[in-house]
Amino acid sequence: MNYQQAYHLARTNGEEIVPTVCGMCGPGGPGGGCGIYAFVKNGRFTKVAGMDESPVNKGAICAKGHAAPQWVYSADRLTHPLRRIGKKGEGKFEKISWDEAIAHIAEKLRQQKTIYGPESLAILAPAKRSYNDYLKRFLTAHGSPNYGHSGICAMQRAFAFTYTLGDYPRPDYDQSDMIIYWGRQPIYSGPVARPARAFLAAKRRGAKIIAIKPSVEPDVGMADTWIPVRPGTDAALALAMLNVVIGEDLVDHAFIEKWCYGFNRLKVHVRQFTPQWAEKICGVSPDQIKEIAYLYATTPRATIDLGNGVEHSPSSSDAIRAVALLMAVTGHLDRPGANLFIAPPKNAPRDISLKKRYSKALLAKLVGPEFPIAFQPFLEGLSSAYYRIFESVLSEKPYPVRTIIAPGTQPSVSTRGTKQVIAALQKLDFFVVVDVARTADMPYADIVIPVATGYEVNHPFQMVPGWLMATRKVIEPVGEGKSIFQFFLDLGVAMGYGEDFWDGDIETAMDDQLAPLGMDMQGLRLQPTGVNYQQTDHVFEKYAKVFNQSSPRLGFPAYLPQGKVALYNTSFEAAGFSPLPRWHEPPESFSGTPELAQQYPLILADYHTSKNFSASWQRNVPLLREIQSEPVLHIHPNAASTRQIKDGDWIKVKSPHGWLKVKAELYPGIRPDTVMILHGWWQGCKELGIDDYPLLDGGANVNNMYSVDPARAYDPLVTAMTSQTLVQVKKWEVA
Amino acid sequence: MATSGNELLIAFDPEKCTQCAGCQIACKSWRELPFGVQFRRVLNLWTGRYPRVKSTSLSLSCLHCVTPACAAACPEKAIVKRVENGLVEVDSALCIGCRLCAAACLYGVPQFGVNDTMVKCDLCPGLSKNGAAPPCVETCPGEALTLIGISSSEKLLHEEQIIRLLSMHNRSETKEPMCRSF
């Protein structure tokens, strides 16, 4: 609804409205930025309506957005800073004040900085949130490069794309005649409205929609063609598509001639990747591979929307590079209806991550580089891989991290290798949890910092392309928590970094960031529905510019040394990696470990997004839990019936690394050789009397099921840990 | 679809639904419904067999039927159909919670709340003032739900369309019927 409608409706019901930004994709400010009207009755946050005026969601809001009041008032909310008094893992805490908590952390960090060096601190990054730059700023001010990025989200695609094409090519949904959604969930990933509307509009326009993923989600239900690929084998499929496109000479010779480097070597290289070869790995028939390769190459306005699904295997960078090469050799780059190079917005807030202070010395201290040292820093700055930080605690190589801060992220359910993560948390010197509600790892925390949600504070601002909006306080904080921004400001001041932290004043910090936009927070708050910015018209075929773009490495050398698409990648070759994309088997698979498949005959993978939960959060919200009360494994009816499993039965799912106890959902839209479950299950719901599930064996935490073998579970170039294994599934027998 | 006529309806278009469930939770939140009581449900309907399997979406709530089976089944005459707008209304003072309406409804609409009397979608008359639509309609990103006024014959066609969708669901190989079988 619009402002007037919301205002009048609220008045009729004796309520007030606060126009603000939805906070459900992340604590203390998501990256999505859907505009909402928050309804307040007698000081209590009651309901949410989508804001028509927001160009992001245009009045729509998702299930999570509507459930916000229940999340804010949840029985699992953290309301006081806590200090651990029991043993690690026991969960015994005493209440302390905010100032005591800050002083305690600062003292510990100062001690460790003196004894072990500043790099002994790592801060884990959640998904991209509006506060991530504050984590980076704190780390750089402190002197540590160990920003713990997941290694499985967005940056993996960005890396393989930029070092192949000079930029991350975005699908031109609006003009395409054929859209391939590849490992992508356009409905639930991020803000609900934009990608969903683009998907529906393309379908209405008559664009052909092809979905490549192991199971049928609602977008697949509406697609023209479903390619049910085995999890983790996208590289094999993409390489075979390259084989067809190049072998059948369906390429754009003029574009290759002028703008690509190394075509002849690629041509020889891909001969080995026949559709017959790929079928054994990815489970897609040669006919279907040929058909989509031919369709893509011969449809002038064809685009690929490559999703997060390809970022979870040791062959992830190969898959992304092979897709990038498909776009390039068929001339589907920066042309109408293809994949576009989007110019950065003219109006942007100040980058406060202190990247200018990066040095070779700082870079050399990375404890577990997410990308190889030769390619650091990357777009989000310096980064260590999230899981490798825990690995360092256990292996003490190259040195052990001593303090981990987890702001809005839950390592024991977010990253692979739960057993190893918990062992590392047991061993770790100092662990700080900073979150809105109880987290899975909280029992191991030394200090717990309660965070005020975005509905309880007057910052930050949200900037998405075309829109700038103030977060407004809807209600007074329900506990003693402050915002996650204020936490880093207060800690910065306590550490003696006050000059870098606006002397602790959040309003000054926000104004500093807004300055390049000619705006301050006070001015922005006067705009009830934010400020809209004109977006510039797209200029096509900017090849000379994009292929010469600077990378974020020290000294800013270009991504592409030849000023052309790196079909053959000399930068990777020079750093000791394959110059051409190849196939790497996952740690466990039908084609890689056939002997293991005898004992574990099904492939297991997981879903990373859902309509009702944000990652491993919000299972404690009754409205959201009602949609999906229990963890379910999607299993094909044939696979279920051979095991005497009926819909709703409890089952045991066992991999070589762990086991789950979950319910079966008979799911006709999944490969019969594959089973899948949503990741992030651990939390109970006190309001509904549902208990927590164990984090390790016997629970529903899929991360406990995967290999973390350093030699086999990682993509060597972009980390991308595997989230795929082999399992046996049995009906649960009551002992 | 025409938008003139005095049979009010929240029409559903499966081609525009992405199963985000925003409508279902908007309804629950705005109407403050307790756990288990759902005026609107989003269903996934399977047809075909792997690999030619299809899924279709259905967001379902009371259709305010032209000839409401629930009203005919009610022994207390607690359910009436309004002539002026086609709404099917429940008088909770008369309802005895016998659930005969639930057995009669083809769509599984009647719900029984805290007082054990029948509750269901009433098109949110109190919320759709000032030009705003009911919360389920307002929140839908694909405009799959629209509040319209149509003729009786048009509404019958819509009822048939929903029945066809539900039949798909009841024939599917996995699910217990969520609604009465046909």
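This note comments on selected features of a predicted model, point by point.

1. The barrel. In chain A, six strands close into a barrel, and their order around it is 23-27-24-26-25-28. The pairing in this barrel is mixed. On average, neighbouring strands of the sheet are turned by 45° against each other, direction ignored. The next two points take up particular strand pairs of the barrel.

2. Strands 24 and 26. Strand 24 of chain A runs parallel to strand 26 of chain A, and four bridges join the two. One residue pair can be located by name: A:I635 has A:L666, in strand 26 of chain A, as its bridge partner.

3. Strand 28 and its two neighbours. Strand 28 of chain A covers residues 724–731 and is mostly covered, with six of its eight residues buried. With strand 23 of chain A (residues 602–607) it runs antiparallel, and four bridges join them. Here A:A605 stands opposite A:Q724 of strand 28 of chain A. Strand 25 of chain A (residues 650–654) also pairs with strand 28 of chain A in the antiparallel sense, over four bridges. In that pairing, A:K654 has A:Q728 of strand 28 of chain A as its bridge partner.

4. Side chains of opposite charge can pair when their charged atoms come close. Over all chains, the structure holds 38 salt bridges. One of them joins the side chains of A:R84 and A:D446, at 2.6 Å from N to O. This pair links distant parts of the chain, 362 residues apart: A:R84 belongs to strand 4 of chain A (residues 82–84), while A:D446 lies in the loop between strand 17 (430–435) and strand 18 (447–450) of chain A.

5. The side chains of A:K663 and A:E630 meet in a salt bridge of 2.8 Å, N to O. The pair links distant parts of the chain, 33 residues apart, with A:K663 in strand 26 of chain A (residues 659–666) and A:E630 in the loop between helix 25 (622–627) and strand 24 (632–635) of chain A. A:K663 counts as buried because its relative accessibility is 19%, and buried means under 20%. A:E630, at 29% relative accessibility, therefore counts as partly exposed.

6. Further charged residues. A:D709 forms a salt bridge with A:R712, and their closest N and O atoms are 3.3 Å apart. A:D709 has a relative accessibility of 29% and so counts as partly exposed. A:R712, at 39%, likewise counts as partly exposed. Elsewhere, A:D76, A:R438, A:K686 and A:D692 are joined into one network by salt bridges that share partners.

7. Helices 12 and 13. Two packed helices are described by the angle between their axes and the distance between the axes. In chain A, the axes of helix 12 (residues 275–282) and helix 13 (residues 286–298) come within 8 Å and cross at roughly 115°. Helix 12 of chain A is therefore roughly perpendicular to helix 13 of chain A. The crossing is right-handed. On the side of helix 12 of chain A, the contact is made by A:P275, A:Q276, A:A278, A:E279 and A:C282; helix 13 of chain A contributes A:P286, A:I289 and A:K290.

8. Helix 6. How many of the residues of helix 6 of chain A are buried? In this helix (residues 155–165), 11 of 11 residues are buried, among them A:R157, A:F159 and A:Y163. The buried residues of helix 6 of chain A pack against several elements of chain A, including strand 7 (147–149), helix 14 (316–329) and helix 23 (570–574). Just after helix 6 of chain A, A:G166 takes a positive phi of about 85°.

9. Residue A:Q513. This residue lies in helix 20 of chain A (residues 506–514). At 8% relative accessibility, A:Q513 counts as buried. Leaving aside residues up to four places away in sequence, A:Q513 touches A:Y134, A:P349, A:R350, A:I352 and A:F461. From A:Q513 to A:P552 the separation is 39 residues in sequence and 21 Å in space, C-alpha to C-alpha.

Notes. Residues numbered from 1 in each chain as written. Chains lettered and ligands numbered in written order. Predicted model: local features only at pLDDT ≥ 70, side-chain atom pairs only at ≥ 80, totals over all residues. Heavy atoms only, no water. Salt bridge = Lys/Arg side-chain N within 4 Å of Asp/Glu carboxyl O. Buried < 20%, exposed > 50% of the residue type's maximum accessible area, 1.4 Å probe, protein only. Pairing = 2+ DSSP bridges. Axes fitted to C-alpha atoms, helices over the stretch in contact; angles between N-to-C directions. Parallel < 35°, antiparallel > 145°, perpendicular 65-115°, else oblique. Left-handed = near helix turned anticlockwise from the far one by under 90°. Contact = heavy atoms within 4.5 Å.
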